[in-house]
Amino acid sequence: MAATPQGTSIYLDHAATTPCDPRVVEAMLPYFTTFFGNPGSRNHRFGWEAESAVDEAREAVAALLGADEKEIIFTSGATEANNIAIKGGAYMYEKAPAGSGQCRGHIISCTIEHKAVLDPCKRLQKEGFEVTFLEPPADGIITAEMVKAAMREDTILVSIMWANNEIGTINEIPQIGALCHERDVLFHTDATQWAGKMPVDVQRDNIDLLSMSGHKIYGPKGVGALYVRRRRPRVRLQALMDGGGQERGFRPGTLNVTGIVGLGAAARIAREQMDADAQRLLALRRRLEERITSRLTNIQVNGHAEKRLPHISNISFAFVEGESLMMACKDIAVSSGSACTSASLEPSYVLKGLGVGDELAHSSLRMSLGRGTTQAEVDHAADLIVESVKRLRELSPLFDMYNEGIDLSKVEWGHH
Ligand code: PMP
């Protein structure tokens, strides 16, 4: 039996995942049954049909990024694309071999990247590479200046995300790319939250490697793509897996034809609709924030005020406990961090990375709007959050003390 969502939830968690666009599902369906061939079967019609569908999807993804179709590698998602780019790039461009005792190469990334970038970087650190994790300022933006200051003689790779998944902040990607090209340093960007929503042109934006994911752009889960520059410079990567040589050897294994067809359809729709979607979502997000910030004190919207994706809003509410707030707002599906870390009660490392204190980081919500979000939903969500915060604060002794003018930072709490 198919699972049905409980109650009348309003979905404001599009940064975690998006529903498939019905047009995407429609495009995929024939490839499960009628056109089920293996694109690697070069000697019969079934194989050719599947191959031509994959080719079309590759063209659509390439067009979305301003790339050539030969530069697109299909993967299982952004996590795999990041791994292939970061580890495959580091191994190929290393300055000294493993076990030599010397630094194998220097990499620059950032403390508020997704785990799918942080963890490959940390593995490389253990294997003898050195990694500088840039610490963003309070507005969350990584600038080209910051990257420039961290560059060394032996820097081989820079990996900076285009837009942050928790706070939506937008980094100086074209400028960082230009800097890397000046210095002949490989430049990777995790564009999972950006590509398909905002314009990309890998030439104009000076990108060598770019990761993206189907399920963030109204396509299916378990499929994504890595852009690998082929000219000026031709980027080489060491493959992480061995097998049948598919995807120019970078990602061997029978292609996920249905998923790839879905990603292609999602990319085509994204290209047509992204401007209209972005405009509409920006107006809705402003409305959401206005409706919340105008009715509550002691809150802060996290991340740079303007340099943010149109559809993500991350707000901290002082004097309420994040989990209680989430419980009080059960009707709206939001997140207290990224989907990957919301199972733990740890405050978000992204917010902490911006210098938000533990308390406030604990009482934060990420709301991310999507193509299906309506104004009525936004209004209802805002009202529910405002009411819940007010109610929880009425129960909060800390909020009482604050209102009586007591400086909470100077209170000496009793020890038990
Ligand atoms: N990078 C970022 C910025 C993300 O937001 C996500 C998804 N949460 C990923 C990588 C991982 O993507 P995937 O689920 O396709 O592996």
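This is a predicted model: local features need pLDDT of at least 70, side-chain atom pairs count only at pLDDT 80 or more; totals for chains, interfaces and linings use all residues.
View 1. The elements that give two or more residues to the side of domain 1 touching domain 2 are helix H4 (115-126) and helix H7 (257-293). Sorted by class, that side of domain 1 has 16 nonpolar, nine polar and six charged residues. The count of salt bridges between domain 1 and domain 2, by contrast, is zero.

View 2. Where the domains meet, 31 residues of domain 1 are in contact with 25 residues of domain 2. The size of an interface is often given as the accessible area lost when the parts come together. For domain 1 and domain 2 the buried area is about 2,400 Å², with 60% of it on carbon and sulfur atoms. Within domain 1, the residues that lose the most area to domain 2 are Glu 166, Ile 167 and Tyr 218, which together account for 31% of what that side buries.

**View 3. The surroundings of the ligand.** The residues that surround the ligand include Gly 77, Ala 78, Met 161, Asn 165 and Asp 190, and among them are also Gln 193, Ser 213, His 215 and Lys 216. Three further residues of this set, Thr 79, His 114 and Thr 192, can be followed atom by atom. In Thr 79, a polar side-chain atom lies 2.6 Å from an oxygen atom of the ligand. In His 114, an N or O atom of the side chain is 3.3 Å from a nitrogen atom of the ligand, and for Thr 192 the distance from a side-chain N or O atom to a nitrogen atom of the ligand is likewise 3.3 Å.

**View 4. Phe 36 in its loop.** Phe 36 has its place in the loop between helix H1 (22-28) and helix H2 (45-65). When residues up to four places away in sequence are not counted, Phe 36 touches Tyr 31 and Phe 46. Gln 279 stands 243 residues from Phe 36 along the chain, and the C-alpha atoms of these two residues are separated by 39 Å.

Key: Residues are numbered from 1 along each chain as its sequence is written. Side-chain values use heavy atoms; hydrogens and water are left out. Contact means heavy atoms within 4.5 Å. Buried area is the accessible area (1.4 Å probe) that two parts lose on being put together, summed over both. A salt bridge is a side-chain nitrogen of Lys or Arg within 4 Å of a carboxyl oxygen of Asp or Glu. Helices (H or I, at least four residues) and strands (E, at least two) are DSSP runs, numbered from the N terminus. Ala, Val, Leu, Ile, Met, Phe, Trp, Tyr, Cys and Pro count as nonpolar, Asp, Glu, Lys and Arg as charged, and the others, Gly among them, as polar. A residue is near a molecule or strand if one of its heavy atoms lies within 4 Å of it. A polar contact is a pair of N or O atoms within 3.5 Å; within protein, one must be able to donate a hydrogen and the other to accept it, and residues adjacent in sequence count only if both atoms are side-chain atoms.
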